[in-house]
Amino acid sequence: MRRKIVAGNWKMNNDLSETEALLNDLIAQVSNTHVSVMVAPAYVNLFQAFTVLKGHDIEVVAQNMHQEANGAYTGEISAQMLKSVGVKTVILGHSERRAYFGETDELLAKKVNTALANDMEIVFCFGEELEDRKAGNHFSLVKSQLSNALFHLNTEDWKGIVLAYEPVWAIGTGETASPEQAQEMHAFIRKTVSEKFGSEVGNEVSILYGGSVKPANAAEIFAKEDVDGGLIGGAALKAADFVAIINAL
Ligand SMILES: O=C(CO)COP(=O)(O)O
């Protein structure tokens, strides 16, 4: 059975006291036990997030990580640092990392290897830009993002991979992919993974949708066969909205 997941990517939002307040609101309101719930606060608040969430079934994950084990990389954070505060899962490949911080497929392949070598689970993000979709290149673009960063893995490695399809044109824009567009792409992703790694891997991998998911549209997107949950940005910053989205899965 594929795992159902709703993950909140807080991006560069919430200082320490805001982080504590939002987590306490989630503790009070999250009750859906068949969904794995993840939250990704800023690095500096991860340690305190674990303290606040102790004993509760909400996983704290990181938004990013450096590919090297340690060294002279001013401002960066390693897998071991994340693990030492309790992080077991890291988001990699977010479109904002690709667009604003120059992260390429090649670099992401290295980050993927580092995370897996550290027994960390990965929420791997990818998705096309509006021009790609307008030009009809969205399937080939998505396939190349997957193959460049993940096709060197072996079948066993896929136990640690969750995929998150986030069409860039739908992130933070209020414009969502229609449920049909999401399903069409998720089915393509599953087929692409199955062709390369076998149908067992393809059937087992959870594929999340991300891009302007909100309480009003979550249920119809999550109802699609190949959509196993969501990666939520803006709507994850308000407990009531995030919980409504969890409850829609
Ligand atoms: O980028 C996202 C999650 O990683 C989606 O962001 P929004 O939900 O704000 O569109």
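**View 1. Phe-124 and the residues it touches.** Setting aside neighbours within four places in sequence, Phe-124 is in contact with Leu-92, Gly-93, Val-112, Ala-149, Leu-150, Ile-161, Leu-163 and Ala-164. Keep in mind that this is a predicted model.

**View 2. The largest nonpolar core.** Zooming out from that one side chain, we get to the core that Phe-124 belongs to, which counts 75 residues. Val-90 and Phe-124 are the ones with the most contacts inside this core. Over the protein as a whole, 43% of the 249 residues count as buried.

**View 3. The shell around the ligand.** Here 14 residues surround the ligand, and Asn-9, Gly-210, Ser-212, Gly-233 and Gly-234 are the closest. Sort the shell by class and you get 8 polar, 5 nonpolar and 1 charged residues. For the complex, the predictor reports an ipTM of 0.99 along with a pTM of 0.97.

**View 4. The fold behind the close-ups.** The C-alpha trace spans about 45 × 45 × 35 Å along its principal axes. Among contacts with a separation of 6 or more, 71% come from residues 24 or more positions apart. As for confidence, the mean pLDDT of the protein is 97, with 100% of its residues at 70 or more.

Terms used: Residues are numbered from 1 along each chain as its sequence is written. This is a predicted model: local features need pLDDT of at least 70, side-chain atom pairs count only at pLDDT 80 or more; totals for chains, interfaces and linings use all residues. pLDDT is the predictor's confidence in each residue, from 0 to 100. A residue is near a molecule or strand if its C-beta atom, placed from the backbone, lies within 6 Å of it. Ala, Val, Leu, Ile, Met, Phe, Trp, Tyr, Cys and Pro count as nonpolar, Asp, Glu, Lys and Arg as charged, and the others, Gly among them, as polar. A nonpolar core is a set of buried Ala, Val, Leu, Ile, Met, Phe, Trp, Tyr and Cys residues joined through C-beta atoms within 7 Å. A residue is buried if 20 or more other C-beta atoms lie within 10 Å of its own, exposed if 12 or fewer, and partly exposed in between; C-beta atoms are placed from the backbone. Two residues are in contact if their C-beta atoms, placed from the backbone, lie within 7 Å.
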